[in-house]
Amino acid sequence: LESSLLTQPWASVCFGESAFLAKACFRDTGYILLISDLSGVWYESADAKAVGQRSKELNKRLTVHVSSFLHHLRKLMCPLLAGQPDATTSFSCHHTAGGLSLHVKSELSGLPFYWDFHCCPAPVEMVSCHLVRPLIRMSLALQYQVQELTSLLLQKDAEIEDYRESGAALSRDRLRTEPFQEETFQQNFMAEVRSSAS
């Protein structure tokens, strides 16, 4: 399940009034859920036996197979993670002693359906694997992309300058651009980053 979770993208979600990043993976054998508010990271991994036990405690009137519970949980969570939450399903969360509890209220077979995800703090290796390493890799990839684009812009400026020195002129003056100033661009970019972070 955790290896399958690696292939799932992070999604921006709201549980009640709180905003989180979340990803999840559901199978007939269980599920794994990972949640972060960028201050902490929590997860829950539950196998079919644990799901069956909890479903009996929370949904005494429902007598369906564990795989049906897991399928229904998947149907509730996947639209939420895709940015299309079901209006008939409500989510709420609250911090517990050393963890995070996510409460789900919906319907199944015409009867009320309740579920609680009991999330505990994610271990360091899990946080590194799902959050830190992908962010660093993406940051490095973006830095490389910026370097390549900067090099391309400088080459284009040199090409345009060569045309000008050869007597070429723009047919439409509105297309004229100023030469790319790498240092000025970097300073303005960092100023915008600091401004958006504060």
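Predicted model: local features only at pLDDT ≥ 70, side-chain atom pairs only at ≥ 80, totals over all residues.

User: Great. What is the strand order in the open sheet?

Analyst: The order is β1-β2-β3-β4-β7-β6-β5, seven strands with antiparallel pairing. β1 (11-15) and β5 (90-96) are the edge strands, each with a single partner, so one side of each has no neighbour in the sheet. From one strand to the next, the twist averages 30°. Strands here are DSSP runs of E, at least two residues, and helices are runs of H or I, at least four, numbered from the N terminus. Two strands pair if DSSP finds at least two bridges between them.

User: How many bridges join β5 to β6?

Analyst: Seven, with β6 covering residues 99-108 and the two strands running antiparallel. In that pair, cysteine 93 stands opposite leucine 102 in β6.

User: And which strands does α3 lie across?

Analyst: Helix α3 (residues 66-81) lies across β1, β2, β3, β5, β6 and β7, and runs at about 140° to β2. Helix α4 (residues 124-165) lies across β2, β3 and β4, at about 75° to β3. Those angles run from 0 to 180 degrees between N-to-C directions, using axes fitted to C-alpha atoms, for helices over the stretch in contact. Contact means heavy atoms within 4.5 Å.

User: Switching to the inside: which residues touch the most other members of the largest nonpolar core?

Analyst: Phe15, Tyr31, Ile35 and Phe117, out of 31 residues. The largest share of this core, seven residues, comes from α3. Such a core is a set of buried Ala, Val, Leu, Ile, Met, Phe, Trp, Tyr and Cys residues joined through side-chain atoms within 4.5 Å. Buried means under 20% relative accessible area, exposed means over 50%, and partly exposed is in between (1.4 Å probe, protein chains only). Not counting residues up to four places away in sequence, phenylalanine 117 touches several residues, including Tyr31, Glu44, Arg54 and Met77.

User: You mentioned Glu44 and Arg54. What do their side chains form?

Analyst: They meet in a salt bridge, 2.7 Å from N to O. Arginine 54 is in helix α2 (residues 48-58) and glutamate 44 is in strand β4, ten residues apart. Both are buried. A salt bridge here is a side-chain nitrogen of Lys or Arg within 4 Å of a carboxyl oxygen of Asp or Glu.

User: How many salt bridges are there in the whole structure?

Analyst: The search finds four. Another one of them joins glutamate 125 and arginine 133, with the closest N and O atoms 2.9 Å apart. Arginine 133 counts as partly exposed because its relative accessibility is 35%. Glutamate 161 also bridges to arginine 164, at 3.9 Å. These two are three residues apart in helix α4, so about one helical turn separates them.

User: Last topic: how many disulfides turn up?

Analyst: Zero, across the whole structure. A disulfide would be a pair of cysteine sulfur atoms within 2.5 Å. For cysteine 78, the nearest cysteine sulfur is that of cysteine 25, 8.8 Å away. Cysteine 129 is in no disulfide either, with the sulfur of cysteine 25 nearest at 14 Å.

Key
Residues numbered from 1 in each chain as written. Heavy atoms only, no water.
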